[in-house]
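Open your viewer and keep the selection tool at hand. We will go stop by stop.

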Amino acid sequence: MEFNDYSISDYEYLYMVMQGDHDSMTCLCDLYTRLLWKLSHTGFNQENPAGVGVEDVYQEASIGFREALFSYDISRLVGMAHFINHCVGNTVKSTIRKLR
């Protein structure tokens, strides 16, 4: 199933994910990959935890991304990208804090 990134909004992808569409989850992951890497590198470079690579932080960011998707509530009038940025950023900070 091919999706055009410009014709389907994040909210429509989220609706399809909630309906169980795995292709939509893949598309959302692809759309937010750069943000996840950015937040992972930023958190990793601020603390430089010993024995952990940036890939490990990225994996935790991916888990935070999925949690953010399933806890997002459109009725709160917060943009989805902002909410994901906030949740994933907090997940990365918590992960780095645990590794000190």
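This is a predicted model: local features need pLDDT of at least 70, side-chain atom pairs count only at pLDDT 80 or more; totals for chains, interfaces and linings use all residues.

Two residues are in contact when heavy atoms of theirs lie within 4.5 Å.

**Stop 1: the whole chain**

Show the protein chain as a cartoon. What pattern does the chain follow along the sequence? Read along the sequence, it is α-α-α-α. The chain has 4 helices and 0 strands. Its C-alpha trace spans about 40 × 30 × 20 Å along the principal axes. Of the 100 residues in the chain, 39% are buried. Now think about contacts between residues at least 6 apart in sequence: 53% of them join residues at least 24 apart.

**Stop 2: H1 against H2**

Select residues 10-18, which form helix H1, and residues 22-47, which form helix H2. Two packed helices are described by the angle between their axes and the distance between the axes. Here the axes come within 8 Å and cross at roughly 140°. That angle makes H1 oblique to H2. The crossing of H1 past H2 is left-handed.

Now show the side chains where they meet. On the H1 side, pick Asp-10, Tyr-13, Leu-14, Met-16 and Val-17. On the H2 side, pick Ser-24, Met-25, Cys-27, Leu-28, Leu-31 and Tyr-32. Colour them by class. This contact has 9 nonpolar residues, 1 polar and 1 charged.

**Stop 3: the buried side of H1**

Stay on H1. Which residues of H1 are buried? They are Tyr-13, Leu-14 and Val-17. What do the buried residues of H1 pack against? Their partners are H2, helix H3 (54-71) and helix H4 (80-98).

Then step just past the end of H1. Gly-20 is there, with a positive phi of about 100°.

**Stop 4: H3 against H4**

The axes of H3 and H4 are 8 Å apart, and the helices pack at an angle of about 140°. That makes H3 oblique to H4. H3 passes H4 in a right-handed crossing.

Show the residues that meet:

- From H3: Val-57, Glu-60, Ala-61, Gly-64, Phe-65, Ala-68, Leu-69 and Ser-71.
- From H4: Met-80, Phe-83, Ile-84, Cys-87, Val-88, Thr-91, Val-92, Thr-95 and Ile-96.

Sorted by class, the residues of this contact are 12 nonpolar, 4 polar and 1 charged.

**Stop 5: Thr-91**

Zoom in on Thr-91, in helix H4. Is Thr-91 buried or exposed? Its relative accessible area is 19%, and buried means under 20%, so Thr-91 counts as buried. Leave out residues up to four places away in sequence, and Thr-91 touches Glu-60 and Gly-64.

**Stop 6: the loop residue Leu-77**

Where is Leu-77? Look in the loop between H3 and H4. Leu-77 has 78% relative accessibility, so it counts as exposed. Now check its backbone. Most residues other than glycine have a negative phi. Phi of Leu-77 is near 60°, a positive value in a residue other than glycine.

Key
Residues are numbered from 1 along each chain as its sequence is written. Side-chain values use heavy atoms; hydrogens and water are left out. Axes are lines fitted to C-alpha atoms, for helices over the stretch in contact, and angles run from 0 to 180 degrees between N-to-C directions. Helices (H or I, at least four residues) and strands (E, at least two) are DSSP runs, numbered from the N terminus. Angles under 35 degrees count as roughly parallel, over 145 as roughly antiparallel, 65 to 115 as roughly perpendicular and the rest as oblique. A crossing is left-handed if the near helix is turned anticlockwise from the far one by less than a right angle, and right-handed if clockwise. Ala, Val, Leu, Ile, Met, Phe, Trp, Tyr, Cys and Pro count as nonpolar, Asp, Glu, Lys and Arg as charged, and the others, Gly among them, as polar. Buried means under 20% relative accessible area, exposed over 50%, partly exposed in between (1.4 Å probe, protein chains only).
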